[in-house]
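Please look at the sequence and the 3D structure shown here, and then read the notes below with the picture in view.

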Amino acid sequence: MKKTLYLILIVLNLFLFALVVHCAVEHPSPNNYINELRFSKSNNGNYYSIVDCLPGVEKELEIPGSYNNLPVTHIAANAFSKCSELEEIIIPDSITVIDIDAFLGCDSLVKIEVDDANEFYDSRYNCNAVIESKTDTLIVGTANTVIPDVVKTIGVGAFAGRKELVNIKIPENVIKICSRAFENCEELREFTLTKNISLIEDRVFAGCSALKSLVVEVDNRNYDSRDNCNAIIEKSSGTLIYGCKNTTIPTSIKTIGQHAFAGCEGLFEINIPSSVKVIGDYAFNDCLNLKNISLPSELTTIGNYAFAGCESLESFTLPKDTVTLGEKVLYNCPSLEAIVVEEGNTKYNSNNACNAIIESDTIIYGCSNTVIPANVTKIASYSFAYSSMTDITIPSNVLTIEENAFINNNKLENVIILNKDITILNNAFKDCSSIKSLFYNGSVEDWYYKNSNIFKPGNETLKSAERYYYSETEPDKDENYWHYVDGNIEIWK
């Protein structure tokens, strides 16, 4: 009996030991973190991917070649996005796939090395970069990268966000620079496009706020920087595809391309010649210090977000020939005080010097000094977003205020609504945190029974404001009331 019991205990102990080992292998930690890296097992259970890292990761990191007795073969997109302090990293020979933007956010990265035994990637000639061996594509660079002569392509986002990158030499064998290759390299000062580059994609220099020199070698068949303009121009289309703070736009240019000056914080003013007919999407997006811009009367098209985020822009004149105006062109331009539509424009107007752009009966863009004219019946989405206005009078002819029309008007204090039946859609006054007073051209009963739409989500700041109802005669009710005296609002005491 004792022998049998003893055998049972041995078997039980062995079972418990096996269970513990199994648990340790499959789930070594609740979140699959080791050395501040998080791993995820593949669907087929054959390998692990690195999918995340903690902000506290060491400045020097060697990626393990295995985890849980399985190889680590994959680095997922944005896996190191939280590791802004990471400076040096070693990639093992087990890695077979590195996704685009795997190291986006590693702004401090100055050294990267791939194990010599890796068959898919390399760091040949101690270049401080990751190169896809089969295609000779540089996919990850650092501030200290020296691009080898054999490289043919600079990959998508390869150097994006490298804060310490000041200069980079492009070898003559490079024929393609992919999208976002140098995006947000805030200290990049100069760039020369070599003669053999046949394709440079969009947003390559977006956010390169210190860029002051752009030069194309004279023998390049596809691009040039004519007239020492400090820009990259596509010859076949006459499109200025990239500019910088020292760009002078040549008189032969027909189009300013998408993202051409995006994020160029050193740009204070720009004169666009009469040859330009089109300004592309995001062309001057987030040019934070752009204060003055001169647009030619012959300009026909302004793309989406073209001047969005130009926080210093004070005035804007829409040319008479502009008949295509994109979405959110003047979104988040809080310094904008004057908006004019040139006479002769057949699609847009700024009636009675109202300081707004009106299409048909709708205000589509306004500013801090806008006075809504009598012919307007609708205020469009985002038309006053981020404006610096302190007061707004919405006349009785306005029937609808669309979603997000006044979003993020942080200085707006007083709102006057003269149409008691107005429709105010969701989030029309979202994040207008300074609203103090609402003057409503109706009775208490009108407010509660005709304007339930004011209580829609996102309009809480309007609802919670000190509310005044209209009364021509001195009221005897215990509410706040207002009336007009010589055309001005006066509160009944």
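This is a predicted model: local features need pLDDT of at least 70, side-chain atom pairs count only at pLDDT 80 or more; totals for chains, interfaces and linings use all residues.

Residues are numbered from 1 along each chain as its sequence is written, and side-chain values use heavy atoms, with hydrogens and water left out.

**Overall form**

- The chain holds 3 helices and 40 strands, where helices (H or I, at least four residues) and strands (E, at least two) are DSSP runs numbered from the N terminus.
- The radius of gyration, taken over C-alpha atoms, is 31 Å, which is well over the 23 Å that the globule rule (2.2 Å times the number of residues to the power 0.38) gives for 493 residues, so the chain is more spread out than a compact globule.
- Along the principal axes, the C-alpha atoms fill a box of roughly 100 × 85 × 30 Å.

**Burial**

- Of the 493 residues in the chain, 49% are buried, meaning that their relative accessible area is under 20% (1.4 Å probe, protein chains only).

- An open sheet with mixed pairing is formed by 6 strands in the order β10-β11-β12-β13-β14-β16, where two strands pair if DSSP finds at least two bridges between them.
- Its edge strands, β10 (121–122) and β16 (199–200), each pair on one side only.
- Strands β11 (residues 129–132) and β12 (residues 137–141) run antiparallel and are joined by 4 bridges, and Ile131 has Leu138 in β12 as its bridge partner.

Note on methods. Buried means under 20% relative accessible area, exposed over 50%, partly exposed in between (1.4 Å probe, protein chains only).
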